[in-house]
Amino acid sequence: MGITGTAGLLDTWEAGLAEAPAGRALLLHRTARPDVDARTLPALPVGRREADLLALRRALFGERMQVRLECLACGQDMEFDLDAGEFARSATGPREPVVRLTEDGWEIEFRLPGPADLTAAARAADPRAALLARCLLSAARDGTPASADALPAPVQRRLAEAVEAADPAADLTLDVGCPECGAGTRAELDIASYLWTELDSWARELLLDVHLLATAYGWSEPEILALSPLRRRYYLELCADV
């Protein structure tokens, strides 16, 4: 994975300020995968994006992730550390982008949904049916082609199970036991939102450092960003001693 420099990360952050969460996730995915044509990223399976963003998060901010959840049973706030490396080993992207299912005389090929598919389906009156129609490549019953709306409910459920099994990283979840009441709380880990929050905090702290050093030394932003983090911190300590 090629990680852009400090100035590039600031550009990503600045562009993301005007975006909704879906747009920010795409910007982060572009940063994570500069080797992939940006036009194809929204069509990649969701689990592929989640795995890429988790790898980017580890490269930028390390293995330790601080997570905070509220117990659904007693309302207690729970804070704990998550080992991103260990979590990533169970959050790999899918090997194949297409699921093939044989069920009760049906032969089905279904493309694993990408972020663009989920966004489009969410706007529809029936998101589930819209997603099925978008991603169904082919369906036939006893050799006779059929449309998405012809799939019976049991076959649709079996297809949903097959898709979940093929792309487990599309739904990153945590199951945490409450230290107060012992009840388990299951929650989704939105890695795009988590990473954006960290990037936003990093960018604002960095720009404050730029302001302080520019004020003290008259350096330009590019000159300050060209310094290593260690040198920037040393100069900031010198400013504080004056």
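Axes are lines fitted to C-alpha atoms, for helices over the stretch in contact, and angles between N-to-C directions run from 0 to 180 degrees. Helices (H or I, at least four residues) and strands (E, at least two) are DSSP runs, numbered from the N terminus. The model is a predicted one: local features need pLDDT of at least 70, side-chain atom pairs count only at pLDDT 80 or more, and totals for chains, interfaces and linings use all residues. Residues are numbered from 1 along each chain as its sequence is written, and side-chain values use heavy atoms, with hydrogens and water left out.

The axes of H3 and H8 cross at roughly 30 degrees and come within 9 Å. H3 is therefore roughly parallel to H8 (angles under 35 degrees count as roughly parallel, over 145 as roughly antiparallel, 65 to 115 as roughly perpendicular and the rest as oblique). Their crossing is left-handed. A crossing has this hand if the near helix is turned anticlockwise from the far one by less than a right angle, and is right-handed if clockwise. Contact means heavy atoms within 4.5 Å. On the H3 side, the contact is made by Glu50, Leu53, Leu54, Leu56, Arg57 and Phe61. H8 supplies Ile191, Ala192, Tyr194, Leu195, Glu198, Leu199 and Trp202. By class, these residues divide into 10 nonpolar, no polar and three charged. Ala, Val, Leu, Ile, Met, Phe, Trp, Tyr, Cys and Pro count as nonpolar, Asp, Glu, Lys and Arg as charged, and the others, Gly among them, as polar.

Helix H1 (residues 6-16) packs on helix H2 (residues 21-32) at an angle of about 165 degrees, and their axes are 9 Å apart. The two helices are therefore roughly antiparallel to each other. Their crossing is right-handed. Leu9, Thr12, Ala15 and Gly16 of H1 meet Arg24, Leu27, Leu28 and Thr31 of H2 in this contact. Four of the contact residues are nonpolar, three are polar and one is charged. Within H1, Gly8, Leu9, Leu10, Thr12, Trp13 and Gly16 are buried (buried means under 20% relative accessible area, exposed over 50%, partly exposed in between, with a 1.4 Å probe and protein chains only). The cover over the buried residues of H1 includes H2, helix H3 (46-61), helix H8 (191-217) and helix H9 (221-225).

Four strands form an open sheet in the order E3-E4-E5-E6, with antiparallel pairing. Strand E3 (98-103) and strand E6 (144-145) stand at the edges; each has a single partner strand, so one side of each is left without a neighbour in the sheet. Two strands pair if DSSP finds at least two bridges between them. Strand E4 (residues 106-111) and strand E5 (residues 136-141) run antiparallel and are joined by five bridges. Glu109 stands opposite Ser138 in E5, and Phe110 has Leu136 of E5 as its bridge partner. E5 and E6 pair in the antiparallel sense over two bridges. Arg141 stands opposite Thr144 in E6. E5 and E6 form a hairpin with two residues between them. In that turn, Asp142 has a positive phi of about 55 degrees. Helix H7 (residues 153-166) lies across E3 and E4 and runs at about 140 degrees to E3.

Leu69 lies in strand E1 (residues 64-70). Leu69 counts as buried because its relative accessibility is 13%. Leaving aside neighbours within four places in sequence, Leu69 is in contact with Gln76, Asp77, Met78, Phe80, Val176 and Ala187. Leu69 and Asp81 are 12 residues apart in sequence and, C-alpha to C-alpha, 11 Å apart in space.
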